[in-house]
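Subject: Structure handover and notes

Hello,

Here is the structure for your files. My notes on what was found in it follow below.

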Amino acid sequence: MKKIFGAKKDKGPPPSIQDATERINKRGETVDEKIKKLDEELARYKEQIRKTRPGPSQEAIKARAIRLLKHKRMYEEQRNMLYNQTYNLDQVAFAADGLKDAQQTMNAMKAANKELKGMMKTVKIDEIDNMQDEMTDLMDVSNEIQETLGRSYNIPDDVDEEELMGELDALESDMEFESAAVPSYLQPESDFDADLNLPAAPTRPAAVPAGGVQEDELGLPSVPRASLRS
């Protein structure tokens, strides 16, 4: 039976959108080449018509040119049809890519949702609230411990600040009275010479200038020793 009717051939996979687009583009390129050749021939016929005188020869050239124009229009219609097919295939490819992207997004979201559900099973809101309450209690206890350890043993807690300020003012008044009652000779010596801005006394006799008069410590002419004895 197979020899008579032949064996059933296995059908291959259907062509993809990309394969169909490439095939149509090749056909479009072939049509464009044909239109280009027709344009070159029409330009040559146009030049011949311009150079030929009116008559049978010119009419024959015009008839050939008209025939070429008909072929050109036919090819242009085919090219437009191929362009429309390519546009439709591009639209279908764009829609198919969008659906693939949406499917991948849905798969990713499903996997993330499943993972989140598994994580939420291990995390309980009640445990988190209890942990926060315990942390708050521990912080309060820690603050109380720090305050207790930093408390002074000598200062009572019920001290009035106004009473302390009064004692401080009284101490300042007592210090001022004591400093006024001290005699002047018992007070610390002040730099009297510095207050009067007087020059310091020389510690040794000034040198006698050559040919001049010797002066004493106060800057006066010194008296010779002989005159003192007489």
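A word on patches before the findings: a patch is made of residues with over 30% relative accessible area and no salt bridge, with like charges joined within 9 Å and nonpolar side chains (Val, Leu, Ile, Met, Phe, Trp, Tyr) within 5 Å. A salt bridge is a side-chain nitrogen of Lys or Arg within 4 Å of a carboxyl oxygen of Asp or Glu. Asp and Glu count as negative and Lys and Arg as positive, leaving out His and the chain ends; a charge is placed at NZ of Lys, CZ of Arg, CG of Asp or CD of Glu. Areas come from the Shrake-Rupley method with a 1.4 Å probe, and for residues only the protein chains shown count as cover.

The model is predicted: local features need pLDDT of at least 70, side-chain atom pairs count only at pLDDT 80 or more, and totals for chains, interfaces and linings use all residues. Numbering starts from 1 along each chain as its sequence is written, and side-chain values use heavy atoms, with hydrogens and water left out.

Overall
The protein has seven helices and zero strands (DSSP runs numbered from the N terminus; helices are H or I of at least four residues, strands E of at least two). Of its 230 residues, 8% are buried (under 20% relative accessible area; exposed is over 50%, partly exposed in between). Among contacts (heavy atoms within 4.5 Å) with a separation of 6 or more, 61% join residues 24 or more positions apart.

Surface patches
D126, E127, D129, D133, E134, D137, D140, E144 and E147 form a patch of negative charge on the surface. E144 belongs to helix α4, residues 125-149. A nonpolar surface patch of about 560 Å² consists of V123, I125, I128, M131, M135 and L138. M131 also lies in helix α4, and counts as partly exposed because its relative accessibility is 45%.

Helices α2 and α3
T21 sits in helix α2, residues 17-51, and T86 in helix α3, residues 56-122. T21 is buried because its relative accessible area is 12%; for T86 the value is 12%, so T86 is buried. Leaving out residues up to four places away in sequence, T86 touches T21, I24 and N25, while T21 is in contact with T86, L89 and D90. T21 and Q85 are 64 residues apart in sequence, with 8.3 Å between their C-alpha atoms.

Regards

Conventions:
Buried means under 20% relative accessible area, exposed over 50%, partly exposed in between (1.4 Å probe, protein chains only).
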